Amino acid sequence: MARRNGMAYDRSFGSSSRMSRTASRRRMLRLAGGALALVALTAGTVGCDDGAVDAEDPGNAGGEQPGGDARKPGDGGTTGGDGKAPEPLWTRTTSAETYGDNDELVIAGGAVIAGGTPLAALDTATGKQKWSVPGGTVPGAPLLLGKDTLYLASSRYDGTVTGYDPASGEETWRSRLGKGYRQPQPIAVDEKQVYVIAEILEDDGSSKTNVIAALDSTTGRIAWKEQRDLGTVQNGIHAAVRGRHLVYTDFKQNLTVRDTATGGQVWTRKTTRTNYGFFAVHEDLVIVPQEKRIQAFGLADGQEKWSLEATELALFKEPAVVEEVLYIADSARTLRAVDPRTGKPLWQSKALADAGLQVPRQYVKAGATLYGATDLDKDGGIIAMDAKTGDVRWTFNDGTGDHHAWLVATDGERVFALHGDKLHALPV
């Protein structure tokens with residue numbers, strides 16, 4: 001894809017500060033869209049608290065099929081060695097309502113699922129609809145996979161969190177935090193628990209604080225519940241779980257680690273705005289871009305274990321650990337592969353800058369190719385790169401000019417690219 005971001009679209013490759021301002025403006029446009037959705041959700045939730053909740057809608061094993069091919073598929077083949085992107089195996093128009101979060105496109109049970117209303121699962125091989133859920137997803141909320149279950153915040157605003165079988169769309173689990181909380185949204189899941197964040201309601205229906213809680217993924221019962229500090233917010237959350245540690249960020253630049261068994265706060269610290277809350281986790285480390293430095297902190301103690309500096313005037317963007325390698329680009333369009341355990345660079349490449357491409361905000365790997373997805377930009381897209389050198393092999397853009405960020409996922413056999421409401425399946 002040609003962001004969660006380092007996206008300079010200035011083809012003249014001007015100063016890093018100018019690219020940073022451009023990327024920041026684009027990011028804030030995306031975040032503004034998510035914030036408007038959250039405001040709408042808040043208004044809808046109050047109505048639900050008053051009892052304005054529709055009757056339960058059962059899942060639909062078939063349902064209305066998504067739109068047909070937006071472009072004629074090619075022979076499903078290779079690039080032919082000329083640097084051109086392969087033709088899509090299939091393209092479908094979906095119900096996707098994306099806000100640029102990396103967890104709004106997932107693959108499970110032989111299906112590729114994009115957040116939207118209705119929520120539809122498409123067969124990875126053919127693009128045909130396998131099932132749909134009429135209620136759909138909450139805009140901006142993640143699609144979380146764990147224990148062969150897809151966990152969703154309720155789009156009915158009734159305070160429930162629901163689990164579905166990703167292969168069939170059948171509901172398999174349900175939990176409710178309680179009437180004193182507004183629209184809990186799942187943020188992370190492990191083998192035992194689903195972690196949610198929700199607003200704490202005041203008597204007048206307003207909210208000044210929020211709560212984080214763990215729900216037992218077998219029984220749905222509340223395992224623990226902790227009120228978060230004043231000054232924290234319940235949106236803009238990015239989270240991950242490693243063993244006894246739940247780590248998450250929010251829009252207020254809070255990086256927090258909690259004990260998954262008790263909910264107790266282990267440590268917290270402030271981060272910078274430059275990566276909008278994105279981080280990577282590897283083994284016992286959380287890796288966080290902090291302007292021109294990237295730092296790795298111990299999950300158990302919050303102490304810095306290693307750090308790496310970008311080139312002069314450049315700022316680090318979103319990181320990702322893929323198959324034991326940390327990939328991260330900066331605003332100067334330098335891509336690095338780093339050993340996530342030590343911070344030692346394995347290689348760095350200027351191929352993105354040389355090709356006049358944006359830096360990716362999301363990464364997946366299939367075979368020897370690293371695929372990157374760019375932020376919102378009419379010239380963004382999917383970038384296929386050599387995973388050992390960073391050299392650009394080809395780029396794919398659907399030509400729609402849609403302003404949404406690109407999202408990418410892979411099942412190892414195909415690469416799935418979501419752009420606005422268009423979902424493309426590309427051969428690896």
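Reply: Strands are DSSP runs of E with at least two residues, helices are DSSP runs of H or I with at least four, and both are numbered from the N terminus. The part to start from is glutamine 234, in the loop between strand 13 and strand 14 (238-242). The model is predicted, so to speak of local features a pLDDT of at least 70 is required, side-chain atom pairs count only at pLDDT 80 or more, and totals for chains, interfaces and linings use all residues. Residues are numbered from 1 along each chain as its sequence is written, and side-chain values use heavy atoms, with hydrogens and water left out.

Glutamine 234 has a relative accessibility of 28%, which means that the residue counts as partly exposed. On this scale, buried is under 20% relative accessible area, exposed is over 50%, and partly exposed is in between, with a 1.4 Å probe and protein chains only. Contact here means heavy atoms within 4.5 Å. Neighbours within four places in sequence aside, glutamine 234 is in contact with Ile197, Glu199, Asn210 and Arg228. Glutamine 234 is also 9.2 Å from proline 184, C-alpha to C-alpha, although 50 residues separate the two in sequence.

The structure holds eight aromatic pairs. Rings of Phe, Tyr and Trp (its six-membered ring) pair if their centres lie within 6.5 Å; planes under 30 degrees apart count as stacked, over 60 as edge-to-face, and the rest as tilted. One of the pairs is made by tyrosine 195 and tryptophan 224, with 6.1 Å from centre to centre and 45° between the planes, a tilted arrangement. Tyrosine 195 counts as buried because its relative accessibility is 0%. Tryptophan 224, at 6%, also counts as buried.

Now the wider view. The protein has two helices and 32 strands. Of its 428 residues, 58% count as buried.

Strand 20 (residues 293-298) is mostly covered, with five of its six residues buried. Strands pair if DSSP finds at least two bridges between them. Strand 19 (residues 285-290) runs antiparallel to strand 20, and six bridges join them. Within this pairing, isoleucine 287 has alanine 296 of strand 20 as its bridge partner. The hairpin of strand 19 and strand 20 has two residues between the strands, and glutamate 291 in it takes a positive phi near 60°. Strand 20 also runs antiparallel to strand 21 (residues 304-309), joined by five bridges. Here the bridge partner of isoleucine 294 is leucine 308 in strand 21. Five residues lie between the strands in the hairpin of strand 20 and strand 21, where glycine 302 has a positive phi near 75°.

Phenylalanine 297 has the charged end of arginine 269 over its ring, 4.1 Å from the ring centre. A charge sits over a ring if NZ of Lys or CZ of Arg is within 6 Å of the ring centre and within 35 degrees of the ring normal.

Next comes the nonpolar core, a set of buried Ala, Val, Leu, Ile, Met, Phe, Trp, Tyr and Cys residues joined through side-chain atoms within 4.5 Å. The largest core has 16 residues, of which Tyr327, Leu335, Leu352, Tyr363, Leu370 and Met385 touch the most other members. At least two residues of this core come from each of strand 22 (316-322), strand 23 (325-330), strand 24 (335-338) and strand 28 (382-386). Strand 23 gives the most, with three residues. In soluble globular proteins, nonpolar side chains tend to be buried together. Residues up to four places away in sequence aside, the contacts of methionine 385 include Leu335, Leu352, Pro360, Leu370 and Val392.
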